[in-house]
Amino acid sequence: MKNITTLIIGANSEIAKAIAQQIVNEEASHLIVISRDTSFYNQPMFANITTIEVDSYLEAEISEAIKSIDSVSTNKQITRVFICHGVLHNQTCQPEKRLEDFNANTFNEIVAANTITPMLWLKYLVLILGGKATCKIIFFTARVASITDNKLGGWYSYRASKAALNMLLKSATVELNRRAKNIKLVSFHPGTTDSPLSKPFQRNVPEGKLFTSEFVASQLINFTEKMSINGELSYIDWQGKPIPW
Ligand SMILES: NC(=O)c1ccc[n+]([C@@H]2O[C@H](COP(=O)([O-])OP(=O)(O)OC[C@H]3O[C@@H](n4cnc5c(N)ncnc54)[C@H](OP(=O)(O)O)[C@@H]3O)[C@@H](O)[C@H]2O)c1
């Protein structure tokens with residue numbers, strides 16, 4: 001009997017798809033996926049999930065999607081949310097190698113996708129996650145967001161967008177401790193994982209350090225289960241180990 005709900009946002013991400021493929025087999029959880037492209041979920045194995053397709057991640061669309069989620073999840077409390085957005089490169093943006101590459105348009109685009117969009121989801125999710133059931137919200141960030149760990153430089157926009165997300169999540173954690181103690185926020189680094197995001201940068205990854213999305217998904221699902229609701233923002237990697245801020 002499906003009496004809880006899991007939500008995957010940015011569900012066309014390679015890692016998101018692997019999470020969905022594992023969660024769809026869980027007896028207790030209904031699955032809702034949200035993406036600009038839900039075609040992956042047309043497969044028979046996903047026949048009983050709810051898919052919500054959006055055109056973009058503008059605030060009005062996020063607010064509408066949250067209303068749909070709320071109506072679908074009535075009586076099935078949302079206990080896990082995976083927010084997977086992350087852009088490192090696309091047709092118009094490449095990660096910067098040096099200061100001369102820094103560009104306002106790229107910075108705005110990367111921050112919109114990696115920082116503002118996840119934060120807007122949190123803003124509206126909090127409105128429907130009240131109540132007694134606990135909920136863990138996992139935000140995909142990256143180790144390169146760590147200021148302490150930044151020994152290589154470069155990737156200005158991507159690093160800054162994920163570091164900014166960490167700071168926003170820290171402030172949100174303080175606020176949620178006052179108004180919604182049932183919610184736990186997690187900033188998660190999956191490790192270098194084989195996906196469109198990492199594809200152009202896989203050449204220098206040491207042997208055994210390029211993970212499959214299936215491996216990362218199973219690590220994450222396992223330690224999400226064990227994680228306690230402790231009023232702290234966790235910034236952790238694929239082993240569940242804390243990353244220095
Ligand atoms: N792969 C790695 O090696 C690696 C390493 C460290 C951190 N990460 C992080 O892990 C997460 C998942 O990465 P992945 O490797 O699975 O990436 P991916 O397959 O390239 O997926 C890209 C994700 O970004 C979303 N996205 C793309 N353009 C967007 C835009 N303009 N606005 C908002 N969202 C947009 C996509 O949403 P739709 O579903 O709508 O397409 C999808 O969720 C990301 O946050 C990434 O930064 C990955």
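Predicted model: local features only at pLDDT ≥ 70, side-chain atom pairs only at ≥ 80, totals over all residues.
Residues are numbered from 1 along each chain as its sequence is written.

**Overall fold**

The chain has 5 helices and 7 strands. Both are DSSP runs numbered from the N terminus: helices are H or I with at least four residues, strands are E with at least two. Their order from the N terminus is β-α-β-β-α-β-α-β-α-β-α-β. The C-alpha atoms fill a box of roughly 55 × 45 × 35 Å along the principal axes.

**Ligand site**

The ligand has 28 residues around it, and Ser35, Tyr57, His85, Tyr158 and Ser195 come nearest. A residue counts as near if one of its heavy atoms lies within 4 Å. α1 (14–23) and α4 each supply at least two residues of this shell. By class, the shell has 12 nonpolar, 13 polar and 3 charged residues. Here Ala, Val, Leu, Ile, Met, Phe, Trp, Tyr, Cys and Pro are nonpolar, Asp, Glu, Lys and Arg are charged, and the others, Gly among them, are polar.

The table lists polar contacts (pairs of N or O atoms within 3.5 Å).

| Side chain (N or O atom) | Distance to a ligand oxygen atom |
|---|---|
| Ser13 | 2.8 Å |
| Ser35 | 2.7 Å |
| Arg36 | 2.8 Å |

Taken alone, the ligand exposes 910 Å², and the protein buries 87% of that. Areas come from the Shrake-Rupley method with a 1.4 Å probe.

**Second largest pocket**

How much space lies in the second largest pocket? About 170 Å³. A pocket is an open set of points on a 1 Å grid over the protein atoms alone, where a 1.4 Å probe fits, with protein on both sides within 12 Å along at least five of seven lines; lining residues have an atom within 4 Å of a point. The volume is the space filled by probe spheres set on the points, which are joined across faces, edges and corners.

Met119, Leu122, Lys123, Val126, Ser171, Ala172, Glu175, Leu176 and Arg179 line this pocket. The largest share, 5 residues, comes from α4. The lining has 5 nonpolar, 1 polar and 3 charged residues.

Technical notes:
Heavy atoms only, no water. Polar contact = N/O pair within 3.5 Å; in protein donor to acceptor, adjacent residues only side chain to side chain.
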